[in-house]
Amino acid sequence: MKTGIVIEITGKDAIVMKNGGEFITLPAKEGWKKGDIIPVNRRKRPAVPIRRFLAAAAACLCLAVSGGGYHYYYAQAALISVDVNPSIELSVNRQDRVTSTAALNEDGKALLTGIRLTGMECGEAVRELLQAESSGQYPADHKNVVVTVYSTNEDRQSRLLKEIRETADHALTTRAADGSTEYRAVTSEEVKAAHSCGVTAGKYIYLQKLEEAAPETDITQYSHCSIDEIKEHISNCESRHQTDYEGSGSKYSGSEHADSRHSESEHTGSEHSDSEHTGSEHSNSEHTGLEHSDSEHLDSEHSGAGHSN
């Protein structure tokens with residue numbers, strides 16, 4: 001299907017630039033806005049009023065000078081990701097308008113079937129995502145939202161983060177009171193690493209935190225989880241490690257106590273042995289004294305017998 005970009009809407013007509021830079025005039029449909037990508041299935045009108053033609057020509061010239069018509073419009077200037085459980089990425093052009101969307105999980109695919117975001121200003125698109133009725137329990141059941149912005153232009157990245165925060169926060173008033181919304185600037189390395197795992201940059205940040213809490217974890221097994229679920233896994237791992245650490249300290253203390261008791265037992269046993277040894281020596285001494293007494297007695301008797309003789 002051929003498509004075109006709505007350049008201007010005047011009354012009932014819309015000036016549309018087709019792929020390749022050709023301008024045509026079509027009857028404007030309800031809901032069309034400047035920057036929208038629309039299907040172009042009918043032949044162009046044979047004539048365009050001079051005023052509209054000049055307006056279209058001026059828009060064409062502006063785009064051409066800036067970098068080249070149709071391709072300029074679609075050139076990605078920023079990448080925005082939104083994660084709750086639906087994981088969605090928005091490709092944004094230099095006019096801050098969404099040129100394409102991508103769902104990175106099944107919930108994201110279901111959400112995008114119910115809304116149309118291309119052509120919208122990116123802040124409005126993020127708000128539309130958060131307010132989408134087709135997302136079911138999207139803002140109510142899941143408490144944590146992560147929004148990331150990547151751009152090679154740091155000024156644009158900072159500006160978009162600020163604008164999206166201001167726009168999206170208004171849409172999150174119905175979110176759980178104990179929930180949180182994070183807005184993060186991410187690098188190209190983080191985006192590439194996230195895509196290699198099949199997730200958004202926002203979810204990848206928390207998968208990295210999970211890996212830090214439990215290095216043995218295969219984070220790809222958690223790529224389908226919501227931000228809430230990943231944060232819960234992180235908390236459980238940290239609690240388990242803390243319990244193991246405290247248990248290890250208790251075992252060490254018990255070992256010291258056992259060693260102390262063993263040492264005291266040995267010391268007491270040694271004293272008992274020494275006591276027995278001393279007693280034995282005393283007994284030998286008495287025995288020696290007795291023998292000495294008997295010997296004197298015998299000598300006395302022998303002396304007496306000799307005297308009698």
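The model is predicted: local features need pLDDT of at least 70, side-chain atom pairs count only at pLDDT 80 or more, and totals for chains, interfaces and linings use all residues. Residues are numbered from 1 along each chain as its sequence is written, and side-chain values use heavy atoms, with hydrogens and water left out. A salt bridge here is a side-chain nitrogen of Lys or Arg within 4 Å of a carboxyl oxygen of Asp or Glu. By this rule there are five salt bridges.

**Salt bridges within helices**

Helices are DSSP runs of H or I with at least four residues, and strands are runs of E with at least two; both are numbered from the N terminus.

- Lys109 pairs with Glu106, and their closest N and O atoms are 3.4 Å apart.
- Both Lys109 and Glu106 belong to helix α3 (residues 106-112). They sit three residues apart, about one turn of the helix.
- Glu106 is exposed, because its relative accessible area is 57%. Lys109 is at 45%, so this residue counts as partly exposed.
- Arg127 and Glu124 form another salt bridge, with an N to O distance of 2.5 Å.
- Arg127 and Glu124 are three residues apart in helix α4 (residues 122-131), so about one helical turn separates them.
- Arg127 is partly exposed at 23% relative accessibility. Glu124 is also partly exposed, with a value of 30%.

**Other salt bridges**

- The side chains of Glu182 and Arg184 meet in a salt bridge at 3.0 Å, N to O.
- Glu182 has 17% relative accessibility and therefore counts as buried. Its partner Arg184 is partly exposed at 27%.
- Salt bridges also link Asp96, Arg159 and Glu163 in a network.

- Ser91 lies in strand β6, which spans residues 87-92.
- Ser91 is buried, because its relative accessible area is 9%.
- Contact means heavy atoms within 4.5 Å. Leaving out residues up to four places away in sequence, Ser91 touches Gln76, Ala78, Leu79, Arg97, Val98, Thr99 and Ser100.

Terms used
Buried means under 20% relative accessible area, exposed over 50%, partly exposed in between (1.4 Å probe, protein chains only).
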